[in-house]
Number of protein chains: 2
Amino acid sequence: MTESRGSTHAKRAAYDLRQRIVKGEMPGGTRLYEVALAEELQVSRTPVREAMSRLAEEGLLERAKGGGFVVRSFTHSDLIDAIELRGVLEGTALRLAAEAGAADDKLEALGTLLCEIDASFGADGAPPNLELYAGLNSDFHDLIVRLCPSTIVRSELERVKSLPFASPSAFVFRNRESKAMMESLVIAQAQHRAMVEAVAGREGSRAEALAREHARIARQNLEKKALDTAEPDPALALIVD
Amino acid sequence: MTESRGSTHAKRAAYDLRQRIVKGEMPGGTRLYEVALAEELQVSRTPVREAMSRLAEEGLLERAKGGGFVVRSFTHSDLIDAIELRGVLEGTALRLAAEAGAADDKLEALGTLLCEIDASFGADGAPPNLELYAGLNSDFHDLIVRLCPSTIVRSELERVKSLPFASPSAFVFRNRESKAMMESLVIAQAQHRAMVEAVAGREGSRAEALAREHARIARQNLEKKALDTAEPDPALALIVD
DNA sequence: ACGCCCCGATTTGTATACATTTCGGTGTAT
DNA sequence: ATACACCGAAATGTATACAAATCGGGGCGT
């Protein structure tokens, strides 16, 4: 009610709860008690229930056996699998887009975005801005999805991406600069261009393979970051292992 | 409350609502009014809301903009896409199973099941029992999923299969016998065996390709059934087009 | 020691009254 | 004719009292 956003109590409660979950307070398996949460969030049980329902739809909570909700547990391999699954679904989205043929204006928009991404990490000599890169990268992946003619595939992909650690920009390096990091950006960007090219050329299979391989970069970054225990990535907070 | 099952009012309400939706009463886009439903289902608004939440989790309802719920609309191409997506996810499940190596006892169980399926449609001279086949086919696809080591992939696959028209046995022929129908069963069963064999032999790519192609049979059956306007398939009821 | 039943505290489920928001129609002014 | 503001009906949002189910522990019998 203080700083959280949303027009109704239920939405605010959902927002607050979501924050607490992804920050790692309330680790996987934690049971959520309506009365306790209602007090903490300063609302009645009704909007709390509503909020928990919404988070269950998002996949952050599970319904417990005897009623009520439990924070969903994610292990390290769930994290790997979610990234893999995102790759598979993005691949399918691109393949279907390629097979059906993509609209020219959307492909053009992607072209401009690709140039902006180039600029963001200093491909043309400008100083790199990694926060900007992360945002543009996320935009790119959103645009890619919209190429896909299938509502069903799009919505399932959005669903998987809503998991905080499966989002395309989850493990992009943002702070320290290193040679390996810049190289991974160059590779990722080459894949971006190839993916758009493949869709434009109706090379469905190529587009699909590229998207899968592209997701592997997230996995690599994750593994690099996992070693960096000094500065744990916030997206890793809800991994219980 | 009369004949529907479930221990709580909310579960019964969810069951009743689900039935009404998949039967095609309340076509896609229909808005659900809490008070009206509460009267029809003889419960208060609270369990109705709870029921609608659950159906939204299943993907049968969507939250409307100004609050409330709307029956999700499915078009003919959504149906095609859902089957395609099931093929993609089953393919991924099998590929991961093949890459990780599947437990022998599970493969054995699949072997026995395959023989039962043979018997069900009269491969050994016995009279075909298509109801039985549909059930065993469904069991087979459930067992297949369980080979997959990834919880995430399994749960997303289960989610897609929960759509009534994306389930593996949705469009299996059950009533009239025809040469084409028996042939499709033979082909499907050959694919079943090949899928298990591929997983056992750790041929991930082959397993994936087979699962995708296998899903195409459902699509073929669907197209055959779509022509049969005299006896529309119940799974088609919630397609609005 | 083990299982079982019973009980009470805790927690969720339900109904309902009331608050708030939303939506559609109607009127007026431009 | 269009845009806008207003209003009232109808819908959802919220709080809360009460009902029912669940979980855990203690006692008892075997």
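Reader: What makes the pairing of A:S44 with a phosphate oxygen of DNA strand D a polar contact?

Author: A backbone N or O atom of A:S44 lies 2.7 Å from that phosphate oxygen. A polar contact is a pair of N or O atoms within 3.5 Å (within protein, one must be able to donate a hydrogen and the other to accept it, and residues adjacent in sequence count only if both atoms are side-chain atoms), so this pair qualifies. Bear in mind that this is a predicted model, where local features need pLDDT of at least 70, side-chain atom pairs count only at pLDDT 80 or more, and totals for chains, interfaces and linings use all residues. Residues are numbered from 1 along each chain as its sequence is written, chains are lettered from A and ligands numbered from 1 in the order in which they are written, and side-chain values use heavy atoms, with hydrogens and water left out.

Reader: Which backbone atoms lie by a phosphate oxygen of DNA strand C, and how far away?

Author: A backbone N or O atom of B:H9 is 2.3 Å from one. For A:L32, a polar backbone atom is at 3.2 Å, and A:E34 also has one at 3.2 Å.

Reader: Which element gives the most to the surface near DNA strand C?

Author: That is helix 3 of chain B, with three residues; helices (H or I, at least four residues) and strands (E, at least two) are DSSP runs, numbered from the N terminus.
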